[in-house]
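Here is a briefing on one protein chain.

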Amino acid sequence: MTSSSWQKSSFSEAANNCVEVRTREGLIELRESDDADVIVRTTRLNLAAFLQGAKAGEFD
């Protein structure tokens, strides 16, 4: 991903309650579309580790 514009999953269609993502200044930024003022910034490595943990059920 090399876009600085916000993107959301095509599965969200016109929904207003989804997670949006973009890259900016070498970081990955995430936000909820219905609360755009809160932005979480992370690195690719940290996001990959989080997603791996979520898939493995570490946060259940």
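Predicted model: local features only at pLDDT ≥ 70, side-chain atom pairs only at ≥ 80, totals over all residues.

Residues are numbered from 1 along each chain as its sequence is written, and side-chain values use heavy atoms, with hydrogens and water left out.

**Confidence and elements**
- The protein chain has a mean pLDDT of 89, where pLDDT is the predictor's confidence in each residue, from 0 to 100.
- A pLDDT of 70 or more is reached by 93% of the residues.
- Helices (H or I, at least four residues) and strands (E, at least two) are DSSP runs, numbered from the N terminus.

**Strand pairing**
- Strand 2 (residues 19-24) and strand 3 (residues 27-32) run antiparallel, joined by 6 bridges; two strands pair if DSSP finds at least two bridges between them.
- Arg24 has Leu27 of strand 3 as its bridge partner.
- The hairpin of strand 2 and strand 3 has 2 residues between the strands, and Glu25 takes a positive phi near 55 degrees there.
- Strand 3 also pairs with strand 4 (residues 35-42), in the antiparallel sense, over 5 bridges.
- Val40 in strand 4 stands opposite Leu30.
- A hairpin through 2 residues joins strand 3 to strand 4.

**Salt bridges**
- The count is 3 salt bridges, each a side-chain nitrogen of Lys or Arg within 4 Å of a carboxyl oxygen of Asp or Glu.
- Glu20 pairs with Arg31 in a salt bridge, with the closest N and O atoms 2.6 Å apart.
- Glu20 lies in strand 2 and Arg31 in strand 3, so this pair ties together parts 11 residues apart in sequence.
- Glu20 is buried at 12% relative accessible area, and Arg31 is buried at 18% (buried means under 20%, exposed over 50%, partly exposed in between; 1.4 Å probe, protein chains only).
- Arg22, Glu29 and Arg41 form a network of salt bridges.
- In the Arg22 to Glu29 salt bridge, the closest N and O atoms are 2.6 Å apart.
- Arg22 and Glu29 are both buried, Glu29 with a relative accessible area of 2%.
- In the Arg41 to Glu29 salt bridge, the closest N and O atoms are 2.7 Å apart.
- That pair links Arg41 in strand 4 with Glu29 in strand 3, 12 residues apart.

**A loop residue**
- Ala14 sits in the loop between strand 1 and strand 2.
- Ala14 is exposed, at 73% relative accessibility.
- From C-alpha to C-alpha, Ala14 and Ala56 are 30 Å apart in space, and they are 42 residues apart in sequence.
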